[in-house]
Amino acid sequence: MPNTKSAERRTRSNARKETRNRGVKSRIKTLTSRYTRLAQEGKKSEASEALRAVSSALDKAAKTGVLHSSTASRKKSRLAVRLNSLN
């Protein structure tokens, strides 16, 4: 329970940010799973389009502070490696 006005404001602010961040992370997980499914099925051109969407979402999340920039880069790199390993 917050004891000061600033702590009350910070609690409200944190709740708003948590809601927004949860939505962004959920979207990233959805896009990533869609990409992974396409990659496993061997649909390289469709997976390439999905990778572009995932990369964009990761960049936006890093830009707004939802994810650390290194985390976004690492995830993008690993997804790209998976795409390049397809025949």
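I began with the face that H1 turns to H2: Val 24, Ile 28, Leu 31, Thr 32, Tyr 35, Leu 38 and Ala 39 of H1 meet Glu 46, Ala 47, Ala 50, Leu 51, Ala 53, Val 54, Ala 57, Leu 58 and Ala 61 of H2. By class I get 14 nonpolar residues, one polar and one charged in this contact. I note here that the model is predicted.

Next I looked up the geometry of this pair. The axes of H1 and H2 come within 9 Å and cross at roughly 160 degrees. An angle over 145 counts as roughly antiparallel, so H1 is roughly antiparallel to H2. The crossing of H1 with H2 is left-handed.

I then checked Glu 46, which sits in helix H2.

I find their axes 9 Å apart and packed at an angle of about 175 degrees. H2 is therefore roughly antiparallel to H3. On the H2 side I list Lys 44, Ala 47, Ser 48, Leu 51, Val 54, Ser 55, Leu 58, Asp 59 and Ala 62. On the H3 side I list Ser 69, Ala 72, Lys 75, Lys 76, Leu 79, Ala 80 and Leu 83. The contact of H2 with H3 divides into nine nonpolar, three polar and four charged residues.

H1 covers residues 5–41 and H3 covers residues 69–84; their axes come within 10 Å and cross at roughly 20 degrees. Angles under 35 degrees count as roughly parallel, so H1 and H3 are roughly parallel to each other. I record this crossing as left-handed. The residues that meet are Thr 32, Tyr 35, Thr 36 and Ala 39 from H1, and Leu 79, Arg 82 and Leu 83 from H3. I class them as four nonpolar, two polar and one charged.

I turned to the nonpolar core. In general, nonpolar side chains in soluble globular proteins tend to be buried together. How many residues does the largest nonpolar core have here? I read 18, and those with the most contacts inside this core are Ile 28, Tyr 35, Val 54, Leu 58 and Leu 83. H1, helix H2 (44–64) and H3 are the elements that give two or more residues to this core. The largest share, seven residues, comes from H2.

Which residues is Leu 83 in contact with, leaving aside neighbours within four places in sequence? I find Tyr 35, Lys 44, Ala 47, Ser 48 and Leu 51. Of these, Tyr 35 is listed in the contact of H1 with H3, while Lys 44, Ala 47, Ser 48 and Leu 51 are listed in the contact of H2 with H3.

Last entry, Thr 64, which also lies in helix H2. I find Thr 64 exposed, because its relative accessible area is 57% and the cut-off for exposed is over 50%. The C-alpha atoms of Thr 64 and Arg 16 are separated by 14 Å, and the two residues are 48 residues apart along the chain.

Notes
Residues numbered from 1 in each chain as written. Predicted model: local features only at pLDDT ≥ 70, side-chain atom pairs only at ≥ 80, totals over all residues. Heavy atoms only, no water. Axes fitted to C-alpha atoms, helices over the stretch in contact; angles between N-to-C directions. Helix = DSSP H or I, 4+ residues; strand = E, 2+ residues; numbered from the N terminus. Parallel < 35°, antiparallel > 145°, perpendicular 65-115°, else oblique. Left-handed = near helix turned anticlockwise from the far one by under 90°. Contact = heavy atoms within 4.5 Å. Nonpolar A, V, L, I, M, F, W, Y, C, P; charged D, E, K, R; others polar. Core = buried A, V, L, I, M, F, W, Y, C linked by side-chain atoms within 4.5 Å. Buried < 20%, exposed > 50% of the residue type's maximum accessible area, 1.4 Å probe, protein only.
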